[in-house]
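Please read the following report alongside the sequence and the coordinates.

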Amino acid sequence: MKIKISIESSIVTKPILAEAIVETGALLNISQAHFDNTHGEVVADIPSEQFGHIRDSLVKKGAEVVVLDTPISRDEEECVECGACVSVCPVGVFSLADDWSLEVDPDKCIQCGTCLTMCPHNALVLGQ
Amino acid sequence: MVKKTIHEINGRIRDGSVNVVTAEEMVDIVGELGAEGAAKEVDVVTTGTFGAMCSSGVWLNFGHSEPPIRINKLWLNDVEAYSGVAAVDAYIGATQASRSKGLEYGGAHVIEDLIRGRSIDVHGTSSGTDCYPRKVIDTTINIYDLNQAIMLNPRNSYQKYNAATNSTNHTLNTYMGTLLPNHGNVTYSGAGVLSPMHNDPNYETIGTGTRIFLGGTQGYIVGEGTQHSPESGFGTLMLKGDLKEMSSEYIRAASFEGYGTSLYVGMGIPIPVLNEDIAKATAITDDDIVTNLLDYGIPSSNRPSIRSVTYGELRSGSIDVNGKEVTTSSLSSFKKSRQIANELKDWIKAGEFFVSMPVERLPRDTACNSMKLSSVNPLVGDIMTSDVSIIQAEASFNDAAKTIMDKQFSHLPVVDKNNSLVGIVTAWDISKAVAKAEYDLVKDIMTKDVVTTSPDEAIDIAAFKLDSNSVSALPVIDAKKQVVGIITSDDISKLLARRQ
Ligand code: SF4
Ligand code: SF4
């Protein structure tokens, strides 16, 4: 399963991810990481049976953990297949096929919400 | 030299022997047969485009009520329509926003709801006259209740559009969609190879009276559109069609975050191949169509072009911007544009649509000028305070607190050794530091992400920056990042108070 770990600036310099991995032995596979001076954000895949352990461990260390189980979904009636969403998605969920149809790969979605504001036709929602 | 007349072509449409291809298919045909061969072979080339066309709207006639009213002000689902034309006529424009729902719902949505046969709440007011005594009208109508619903779009089918990107460090929400910071993406619009006006750039067959595809039915070109500017390659068209016959497949409301509503209009123009020059023109490809990539980070109507770019490059999925590969995306739908060109082709083949010659050619020498401004727009340099105190990044917290106290000024620009701006300290930052008992250096407590302006920026832009960033002062810097002044929201309020 996909999870998102948010780390606040006050603890961003502490190696809490490493600690949690060592502590739980969970196989955390990091697919995205973003840090700046205000906060850190990590998206990772984790075997579902290990989720409880790593969540508890991370939360105890001050991080916030959410399960990314409500990926993007598209209303095919509203979508006009313009492709405006293609260039704003940080992980390449959208692409145009050879016949210029829109293709969506929700498995990649990290639920950042950027495409929701981009879509001129209100065709995208998170989690449905 | 091949020469055909409209009558010959329409004769072939009538007897079913007409040869119609889309502008996309025509590229290869001209490639294979040459312009002369293609002109002999092909009778009509169809084009199509489906994209946001803000300058669109519909004329409505409601019929008279009992007792009658001459409507002065009118709202349809709480979206204002212009009704200063006779008693019960109104024009609903695509970008007008709803009074209650704001940018979410606008004239474009009213138009789509009408096409879909949905009910629309009508609220009209009037001052009342001897012949039209009624003062208020409230009713619910749908498209079938209207005498006329005539789409009349003042400016559609732009010959080409500029592509957009954003050089600033924050996201912009524009009519070109979300533009990510630091040239994070590029957006563009237009159907390239299928673009109607590019396939007849000399307007030989496109003009007043030309019969076209509009919104899923037959429509007409009224003439040149507003801002028609053929000399710079930005020709436009004014179009009309019967909304009652249109389909929501080809007319769709849209809303752009932070900008407002617009209407996606599907239109296509058939180009009769009367001679080989026309055949040659319809063989235009994406690689032949060049547009400019503009920086929407610059809030002026005179945005500089970062580079020129072809539709071929834009449609490949990414382009090079200052040495970086940037993902592109289209706001118009190529799939729908193709669907339109194909549908128009099918109509002609089936003998349901006949081509026409314009009764009047479009002007080919008009230009689009800027708005005349009768009062001079003040610049930041005219009203900024030049006597501004600055502080070094390495200075102590105490120095900063003291300067703010002494000068009675709540914003202190912070500079490095070369006197270049690196941050800003406010009275608020000082209080925060005091509260936390952290008496560090200025560089530790300052805000690094500082919004700035320059002496030659218009006051309205500075005001917009203050507002959209929720700050109360902007350091004014020159090209070398040296602080030359400061402008506050107070300075601007005073100026505006004088202006009104
Ligand atoms: S931006 Fe919206 S309408 Fe356009 S392709 Fe993406 S989902 Fe469809
Ligand atoms: S929510 Fe973010 S990650 Fe998911 S599809 Fe939209 S832009 Fe991509």
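Strand 18 (residues 211–214) of chain B pairs with strand 22 (residues 260–268) of chain B in the antiparallel sense, over two bridges, where strands (E, at least two residues) and helices (H or I, at least four) are DSSP runs numbered from the N terminus, and two strands count as paired if DSSP finds at least two bridges between them. Within strand 22 of chain B, M267(B) is the bridge partner of L214(B). Strand 18 of chain B is also joined to strand 19 (residues 217–224) of chain B by four bridges, again antiparallel, and here L214(B) stands opposite T217(B). Strands 18 and 19 of chain B form a hairpin with two residues between them, and G215(B) in the turn has a positive phi of about 65°.

This is a predicted model, in which local features need pLDDT of at least 70 and side-chain atom pairs count only at pLDDT 80 or more, whereas totals for chains, interfaces and linings use all residues; side-chain values use heavy atoms, with hydrogens and water left out. Residues are numbered from 1 along each chain as its sequence is written, while chains are lettered from A and ligands numbered from 1 in the order in which they are written.

## An open sheet in chain B

Three strands of chain B form an open sheet of mixed pairing in the order 29-30-31. Its edge strands are strand 29 (391–392) and strand 31 (421–426) of chain B, each of which pairs on one side only. Strand 30 (residues 411–415) of chain B runs antiparallel to strand 31 of chain B, with five bridges between them, and V414(B) stands opposite G423(B).

## Helix 1 of chain B

In helix 1 (residues 6–15) of chain B, the residues I6(B), I9(B), N10(B) and I13(B) are buried, which means under 20% relative accessible area, with exposed meaning over 50% and partly exposed in between (1.4 Å probe, protein chains only). Seen down the axis of helix 1 of chain B, these buried residues fall within an arc of 95°, so they line one face of the helix; the arc is that of the directions from the helix axis to the C-beta atoms. An α-helix has 3.6 residues a turn, so residues three or four places apart point the same way.

The buried residues of helix 1 of chain B pack against strand 2 (44–46), strand 23 (270–272) and helix 6 (334–349) of chain B, contact being heavy atoms within 4.5 Å. The face turned away from the buried side carries the exposed residues H7(B), R14(B) and D15(B). Just after helix 1 of chain B, G16(B) takes a positive phi of about 85°.

## The interface between the chains

In chain A, 21 residues are in contact with 28 residues of chain B. The two chains bury about 1900 Å² between them, 52% of it on carbon and sulfur atoms, buried area being the accessible area (1.4 Å probe) that two parts lose on being put together, summed over both. In chain A, S87(A), W100(A) and P120(A) lose the most area to chain B, together 31% of what that side buries.

## Ligand surroundings

The residues around ligand 1, with a heavy atom within 4 Å of it, include C79(A), C82(A), C85(A), C119(A) and H121(A). Those around ligand 2 include C89(A), C109(A), C112(A) and C115(A).
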